[in-house]
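Hi,

Here is the structure I promised to pass on.

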Amino acid sequence: MTGDGDGPPEAGDDALAADTAAFRRYLRAKQSVDDRALDRRLLGILRERLAERAVATEGPLRVLEVGAGVGTMVARLIDWEVLPPGETRYVAVDRDPDALAGLGPFLREWAAERDAPTSIDDGGDDDALVVETDARTVRVEPVAADAPAYAAAHAGESDALIGMALLDVLGLDRLDPLLDALAPGGTYYFPITFDGATRFRPARPDDREVERLYHRHMDEKPGGNSRAGGAALARLREADGSTLLGAAGSDWIARPADGEAGYPGDEAFFLRHILDTVEAAVGEVIADGGETGSVSADDLDAWLEIRRGQVDSGTLVYLTHQLDLIGRVDDDA
């Protein structure tokens, strides 16, 4: 779910701990990039539908997020008042237990830094946390599991399903089992779905080949799809038993802060992680041989050295094309 699917290192516990800490930091660092990218109109649709659902049903609103990582989305939905006032049960599923273990520390830090009064208490016998604000009580339940398997075991139990940056790594053949998690009339929301474009600026001669091999690596991974956004849009438009309510672009743009040296927040770390991912992916394609165009391992090293230097000097701009998608399953689905 979260991450690039490269799996843990094999160099021992210290390396594993360092890798886990770095990945959690990446998930936090990209929060501000996601914040800028998310389409506000579609978030408005989500807010309206959750409010209507909360009024129309008894008991707490039931939200299932798959690929939840360290919990940046639930924090955002509270900060931006997308979750309605009242009680919400928020199940945060991720197949990566190490990423999910960062959810509690992240939410406690987030709560401590909020301007509005916010408390977090243990939720009882399990690992749940209860987030209390002046208008909302959100019980966050982290679950380490395969998302479609969890959805199948809890079919029809959720009022909303959220999967951010998920469909390009999960595989669209697993989309229908995910939707089974929704109760009749429930809402799905798949923001930040990658859709086939990666750009680094200033432009370099090897950019196009590096991008092509990077996307090729995505496509060759199980469930991977470098054009998942458009493919998911087409599939959801034609799906029986559900209705697509909206689609919009949500491109990532990471660039130096206006009038300041360097990048906002921790986005320099975000960019370095992206370059590490490109190094691992393209390096693997080159090492495997076959048709790799004009880029050699030495060419890739030279390209990366220049790009990392541009991060250090605050001159690199990174862009990706992505889509946000929102819809509902039919009342009689």
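How many bridges join strand S4 (residues 129-132) to S5, and do they run parallel or antiparallel? There are 4 bridges, and S4 and S5 run antiparallel. Strands here are DSSP runs of E of at least two residues, helices are runs of H or I of at least four residues, and both are numbered from the N terminus. Two strands count as paired if DSSP finds at least two bridges between them.

Before the rest, some housekeeping. This is a predicted model, where local features need pLDDT of at least 70 and side-chain atom pairs count only at pLDDT 80 or more, while totals for chains, interfaces and linings use all residues. Residues are numbered from 1 along each chain as its sequence is written, and side-chain values use heavy atoms, with hydrogens and water left out.

**Strands and the crossover**

Back to S4 and S5: they form a hairpin with 3 residues between them, and Glu132 has Thr137 in S5 as its bridge partner. S5 (residues 136-144) also runs parallel to S2, with 9 bridges joining the two. Along that pairing, Val91 is partnered by Glu141 in S5, and Val93 stands opposite Val143.

S1, H4 and S2 together make a right-handed β-α-β unit (right-handed means that, with the strands pointing away from the viewer, the path from the first strand over the helix to the second runs clockwise). The helix of that unit, H4 (residues 72-79), is mostly covered, with 7 of its 8 residues buried. Buried means under 20% relative accessible area, exposed over 50% and partly exposed in between, using a 1.4 Å probe and protein chains only. The buried residues in H4 are Thr72, Met73, Val74, Ala75, Arg76, Leu77 and Ile78. Arg76 also lies over the face of Trp80, at 5.8 Å from the ring centre (the test is NZ of Lys or CZ of Arg within 6 Å of the ring centre and within 35 degrees of the ring normal). Just after H4, Glu81 takes a positive phi of about 55°.

**Aromatic pairs**

Searching the whole structure gives 7 aromatic pairs. The rings of Phe23 and Tyr26 have centres 6.0 Å apart and planes at 25°, so this pair is stacked. For reference, rings of Phe, Tyr and Trp (its six-membered ring) pair if their centres lie within 6.5 Å, with planes under 30 degrees apart counted as stacked, over 60 as edge-to-face and the rest as tilted. Both Phe23 and Tyr26 sit in helix H1 (residues 13-29), 3 residues apart, about one turn of the helix. Phe23 counts as buried at 12% relative accessibility, and Tyr26 is buried at 9%.

Phe200 and Tyr318 make a tilted pair, 5.1 Å centre to centre with 35° between the planes. Phe200 lies in strand S7 (residues 182-201) and Tyr318 in strand S10 (residues 317-329), so the pair ties together parts that are 118 residues apart in sequence. Phe200 is buried with a relative accessible area of 7%, and Tyr318 is buried with 3%. Ring pairs link Phe23, Tyr26, Phe200, Trp252, Phe270, Trp303 and Tyr318 into a cluster.

**Cavities**

The structure holds 2 cavities of 30 Å³ or more. A cavity here is a set of points, on a 1 Å grid over the protein atoms alone, where a 1.4 Å probe fits but cannot get out, and lining residues have an atom within 4 Å of a point. Grid points are joined across faces, edges and corners, and a volume is the space filled by probe spheres set on the points.

The largest cavity has about 80 Å³ of space. Its lining is made by Arg62, Val63, Leu64, Arg89, Val91, Tyr150, His154, Glu157 and Ser158. S1 and S2 are the elements that give two or more residues to this lining, and S1 gives the most, with 3 residues.

As for Ser158, this residue is found in strand S6 (residues 158-162) and is buried, with a relative accessible area of 8%. Ser158 and Asp206 are 48 residues apart in sequence and 46 Å apart in space, C-alpha to C-alpha.

Cheers

Definitions and conventions
On a 1 Å grid over the protein atoms alone, a cavity is a set of points where a 1.4 Å probe fits but cannot get out, and a pocket is an open set with protein on both sides within 12 Å along at least five of seven lines; lining residues have an atom within 4 Å of a point.
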